[in-house]
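User: Please take me through this structure and show me how to read its features.

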Amino acid sequence: MNGNVLVYRGEEIAAYGFGDPHPFGTDRHDAFHAELVRAQLGDAIDYGHPRPARVDELALFHTADYIDRVSRLSEEGQGWLDDGDTPAVPGIFGAASAVVGAVLCAVDEIMHDNYRRAFVPIAGLHHAARDRAAGFCVFNDCGVAAEYLRVKYGLARIAYVDIDAHHGDGVFYAFEDDPDLIFADIHEDGRYLYPGTGSPEETGTGRARGTKLNIALAPGATDAEFFAAWERVEVYLDAQQPEFILMQCGADSLEGDPITHLCLSEEAHARAAAALCRLADRHASGRIIATGGGGYDRRNLARAWTRVVQSLAETR
Ligand SMILES: [Zn+2]
């Protein structure tokens with residue numbers, strides 16, 4: 001067992017983005033990795049190189065028709081994958097498959113006891129549904145990873161914890177009636193921000209009714225409101241006893257993001273990641289993967305994600 005954090009990098013995942021003037025540019029990967037180098041975490045980090053996810057792996061979560069459609073539009077390289085947020089840029093199928101592949105690589109490394117903690121920037125594409133793209137997200141890496149953990153490794157209780165400013169609707173609705181997918185999401189109130197969902201009354205449906213946690217913060221909310229909400233997340237996760245934790249640590253919840261209205265600092269991300277490491281140690285043999293998620297101010301995403309990696313490295 002290696003006590004280091006496994007951090008993914010490579011041109012394959014850096015290529016996921018939509019070019020100028022789209023907020024999700026391909027420069028986000030390098031902005032983060034430059035800051036990570038500056039932080040001099042040194043011996044605490046090992047770098048992993050992604051492989052693309054195979055179609056049969058994507059199909060653990062996505063429909064065959066949708067995977068075909070992305071492949072076709074990626075070759076055509078024009079138009080939209082959704083109603084106008086997610087352009088069908090050339091090669092997007094390969095880049096989106098690489099993002100999923102990086103998360104699945106991290107799952108394999110952790111489940112083979114090579115590492116306990118991993119970070120995958122660019123991943124955390126939480127708006128993609130089983131059958132469609134949405135909100136800059138083509139394939140839902142966390143959704144695929146949850147299914148992969150079940151099918152390949154036989155885990156039952158997987159937690160998804162999301163502190164991106166936007167509600168993780170692609171994950172939430174895919175598992176809305178599934179009580180074993182443990183779901184906690186702190187986000188900006190959907191009355192003021194895309195995708196408009198995630199009200200506290202949405203606690204799951206059918207057998208899962210009452211099992212999921214959505215917490216909406218008012219526009220302008222700061223760390224104080226976040227940490228009050230976060231206490232509820234910790235109590236919830238302790239009761240749910242997950243076997244593996246997937247974190248989506250979108251940096252668009254930080255003050256200054258150009259497309260949201262929350263005013264958190266990177267301290268929120270650092271402390272949330274540290275708390276999830278302790279929870280993972282209590283319940284999940286230490287197993288946690290953090291994904292970068294959103295974040296459109298480059299300085300914010302670089303600092304917040306670096307603080308998350310630091311927390312993953314130091315909380316043991
Ligand atoms: Zn977001």
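**Helix pairs and a metal site**

Analyst: α9 passes α10 in a right-handed crossing, that is, the near helix is turned clockwise from the far one by less than a right angle. This is a predicted model, where local features need pLDDT of at least 70 and side-chain atom pairs count only at pLDDT 80 or more, while totals for chains, interfaces and linings use all residues. Residues are numbered from 1 along each chain as its sequence is written, and side-chain values use heavy atoms, with hydrogens and water left out.

User: At what angle do the axes of α9 and α10 cross?

Analyst: Two packed helices are described by the angle between their axes and the distance between the axes. Here the axes of α9 and α10 (residues 298-314) cross at roughly 25° and come within 8 Å. The two helices are therefore roughly parallel to each other (angles under 35 degrees).

User: Which residues of α9 meet α10?

Analyst: Contact means heavy atoms within 4.5 Å. From α9, Glu266, Glu267, His269, Ala270, Ala273, Ala274 and Cys277 meet Arg303, Ala304, Arg307, Val308, Ser311 and Leu312 of α10. By class, this contact holds seven nonpolar, two polar and four charged residues.

User: Is His33 buried or exposed?

Analyst: His33 lies in α2 (residues 28-38). His33 is buried, with a relative accessible area of 8%, the cut-off for buried being under 20%. Leaving aside residues up to four places away in sequence, His33 touches Val7, Tyr8, Arg9, Tyr47 and Pro121.

User: Which residues coordinate the zinc ion?

Analyst: Donors are N, O and S atoms within 2.8 Å of the metal (3.2 Å for Na, K and Ca), and sites may look incomplete because water is not among the atoms. Asp164 (OD), His166 (ND1) and Asp252 (OD) coordinate the zinc ion at 1.9 to 2.1 Å. The spacing of these donor residues in sequence is D-x1-H-x85-D. His166, in the loop between β4 (158-162) and α7 (169-174), and Asp252, in the loop between β7 (244-248) and α9 (266-283), link distant parts of the chain, 86 residues apart. Both His166 and Asp252 are buried.

Definitions and conventions:
Helices (H or I, at least four residues) and strands (E, at least two) are DSSP runs, numbered from the N terminus. Buried means under 20% relative accessible area, exposed over 50%, partly exposed in between (1.4 Å probe, protein chains only). Axes are lines fitted to C-alpha atoms, for helices over the stretch in contact, and angles run from 0 to 180 degrees between N-to-C directions. Angles under 35 degrees count as roughly parallel, over 145 as roughly antiparallel, 65 to 115 as roughly perpendicular and the rest as oblique. Ala, Val, Leu, Ile, Met, Phe, Trp, Tyr, Cys and Pro count as nonpolar, Asp, Glu, Lys and Arg as charged, and the others, Gly among them, as polar.
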